Amino acid sequence: SLLQKAGFVDMVLQKTPFNGIIFGVLDLRDFKSVPVASYNLLANNRETQVIFYEFQAGSRMLATEIYGLLKQKAGLSIGQTVNETNQFGDNSFYVNFLEQTEASQANTFLVVKANDYVYALTYLREYHPLIKQLITLLT
């Protein structure tokens, strides 16, 4: 699998229902434009290491619109900032939280547009090199 090629070994990918909230704060419950798949990558079959949201746009144009919507919503939310770096895929940005909580200090929050998909990822900072490799494999 792509996860193993990226270096995620001894982990289990678990599909979860999409509850309409990403990064714990961005409310997308009114978003019905495209299917959103939600997955947790688990260590020891129970400890979430990475949360993936996959927006299946079906076209580059719609993916660009979804990316823009996520960027706008993240930028308008109180207590967070958007850092668009475009390091990954066609476009990408990080969401930085101004209030330093245990979760915001331990995790990275990243949105990537690649071809006709948009991915939103929450992952423990130590997995950054593996996430970089995974995004390279996805694009």
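Modeller: Let's begin with a definition: helices (H or I, at least four residues) and strands (E, at least two) are DSSP runs, numbered from the N terminus. By that rule, the protein chain has four helices and nine strands, and its elements run α-β-β-β-β-β-α-β-β-α-β-β-α from the N terminus on. This is a predicted model, where local features need pLDDT of at least 70, side-chain atom pairs count only at pLDDT 80 or more, and totals for chains, interfaces and linings use all residues. Residues are numbered from 1 along each chain as its sequence is written, and side-chain values use heavy atoms, leaving out hydrogens and water.

Biologist: How do you know that the radius of gyration agrees with a compact globule?

Modeller: The radius is taken over C-alpha atoms, and the globule rule is 2.2 Å times the number of residues to the power 0.38. For 139 residues the rule gives a value near 14 Å, and the protein chain has 14 Å, so the two agree. Its C-alpha atoms fill a box of roughly 35 × 35 × 30 Å along the principal axes.

Biologist: Why is Leu 138 called partly exposed?

Modeller: Buried means under 20% relative accessible area, exposed over 50%, and partly exposed in between (1.4 Å probe, protein chains only). Leu 138 has 31%, so it is partly exposed. This residue is found in helix H4, residues 128-138. Across the protein chain, buried residues make up 42% of the 139.

Biologist: What share of the contacts between residues at least 6 apart in sequence join residues at least 24 apart?

Modeller: Contact means heavy atoms within 4.5 Å, and the share in the protein chain is 50%.
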